[in-house]
Amino acid sequence: MATLLFFLACSFFLNSCFAALNVTRINKGDLYVYGDGAYIGMFLVTPKGVIVVDAPPSSNSNGNSVLDSVRNVTDKPIKWVIYSHHHLDHVGSASLYPKDAEYICHKQAAKNIEQVGLPPCTLKVNNDGYDLKIDSEHLIQLRYHKPIHTPGNLYIYVPHYKLLMLVDFVFPQWGPYHSLGMASTLTVYNQSFADVLSYEFDYYVGGHVDRIGSRNDVLVQQQLFNDIMSSVKEGLSTVQFGEIAEEQGGFNGKNTFSIYGAYSEAVAEYCADKVLNKLGWSKKLIDAAAFMQTHCFLVYEAVTVNY
């Protein structure tokens, strides 16, 4: 939450935290990916108008504007806006887009979007998915598998360009954000690798960091998750609960949480050291150490209570 507030403060008030907006054209075609160094989205220019995905406040500050980026490419109007999910750090500037555009989201995200005063979803995608098709080259497939990050997070697939956008799951070439991108549950998180890899894609847009990813980035993060899982299990067999309890003065009827907290912290520290230093992830991913202990704690919870 603190990081989200920082990003929102930068976007709305300070106007000085993010780099100039960068726009990348995919395969010299009509699909463009925009990013400010921390957040990343995309837009597709079609014969009938422009489809924009997401509206990060950080991409509409410090002189940046997704609208300007679209205008630099085409004079066609924005006709469709897709919300990847309802979190404000990704969609909080949607009100800057035309009021007469069609706003699209998953039905589970619709209420949260409307409650914060953003343009309401005029088209709500159900679990069967929806194809926004202009023609065979200008097609975006919206699908919903499971709540990886939050209920209503859409898989946004552009088959002609072999590009998949899924926000807050994989962070290309970077260590994941807090608690594996604030994963909903670890069971769903683990299953979602298979869902993602079932798509045929060469480009991956994760909603964050400063670069477009690839299929390999998904495989790399899957291996990281497996290494965290095995390191937590090793930590559970290595860190002695009795010793931790004794260090806390033993159970006295008023320190149960303190003991379990110290034990979980010790296991998470063991895991983080193993993953970063012994398995070498500190050198494999950018800023991998930033949230590693949170990943380890989340996996500890998953292993011990089937989270």
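Reply: Buried stands for under 20% relative accessible area, exposed for over 50% and partly exposed for what lies in between, computed with a 1.4 Å probe and protein chains only. This is a predicted model, in which local features need pLDDT of at least 70 and side-chain atom pairs pLDDT 80 or more, whereas totals for chains, interfaces and linings use all residues. Residues are numbered from 1 along each chain as its sequence is written, and side-chain values use heavy atoms, with hydrogens and water left out.

Me: Why is Tyr 103 called buried?

Reply: Tyr 103 has a relative accessible area of 2%, which is under 20%, so the residue is buried. Over the protein chain as a whole, 53% of the 307 residues count as buried.

Me: What makes the pair of Tyr 83 and Tyr 103 tilted or stacked?

Reply: The structure holds 16 aromatic pairs. In the pair of Tyr 83 and Tyr 103 the ring centres are 6.0 Å apart and the planes stand at 35°, so the pair is tilted. The rule is that rings of Phe, Tyr and Trp (its six-membered ring) pair with centres within 6.5 Å, and that planes under 30 degrees apart are stacked, over 60 edge-to-face and the rest tilted. This pair links distant parts of the chain, since Tyr 83 sits in the loop between strand E5 (78–82) and helix H3 (88–91), while Tyr 103 belongs to strand E6 (residues 102–106), 20 residues apart. Tyr 83 is buried as well, with a relative accessible area of 1%.

Me: Why is the pair of Tyr 157 and Tyr 199 called edge-to-face?

Reply: The ring centres of Tyr 157 and Tyr 199 lie 5.2 Å apart and the planes are at 65°, which is over 60, so the pair is edge-to-face. Tyr 157 is part of strand E10 and Tyr 199 of the loop between helix H6 (186–197) and E12, so the pair ties together parts that are 42 residues apart in sequence. Tyr 157 counts as buried at 9% relative accessibility, and Tyr 199 does at 10%. Elsewhere, ring pairs join Phe 241, Phe 251, Tyr 260, Tyr 263, Phe 297 and Tyr 300 into a cluster.

Me: How do you know that E10 and E11 pair, and in which sense?

Reply: Strands pair if DSSP finds at least two bridges between them, and strand E10 (residues 155–158) and strand E11 (residues 163–165) have three, in the antiparallel sense. At one position Tyr 157 stands opposite Leu 164 in E11. The strands themselves are DSSP runs (E, at least two residues), as helices are (H or I, at least four), numbered from the N terminus; the protein chain has 11 helices and 12 strands.

Me: Which strands make up the open sheet, and in what order?

Reply: Five strands form the open sheet in the order E8-E9-E10-E11-E12, with mixed pairing. Strand E8 (130–135) and strand E12 (203–205) are called edge strands, each pairing on one side only.

Me: What makes strand E3 mostly covered?

Reply: Seven of the seven residues of strand E3 (residues 40–46) are buried. In a regular strand the side chains alternate between the two faces of the sheet. Both faces of E3 are covered, with Ile 40, Met 42, Leu 44 and Thr 46 buried on one side and Gly 41, Phe 43 and Val 45 buried on the other.

Me: How is E3 paired with E2 and E4?

Reply: Strand E2 (residues 31–35) pairs with E3 in the antiparallel sense over five bridges, and the bridge partner of Tyr 34 in E3 is Gly 41. E2 and E3 form a hairpin with four residues between them, and Gly 37 in the turn has a positive phi of about 105°. On to strand E4 (residues 49–53), E3 again pairs in the antiparallel sense over five bridges, with Val 45 opposite Val 50 and a hairpin joining the two strands through two residues.

Me: Which residues are in contact with Thr 150, leaving aside its neighbours within four places in sequence?

Reply: Contact means heavy atoms within 4.5 Å, and on that rule Thr 150 is in contact with His 85, His 86 and His 87. Thr 150 lies in the loop between strand E9 (138–143) and E10, and its 7% relative accessibility is why it counts as buried.
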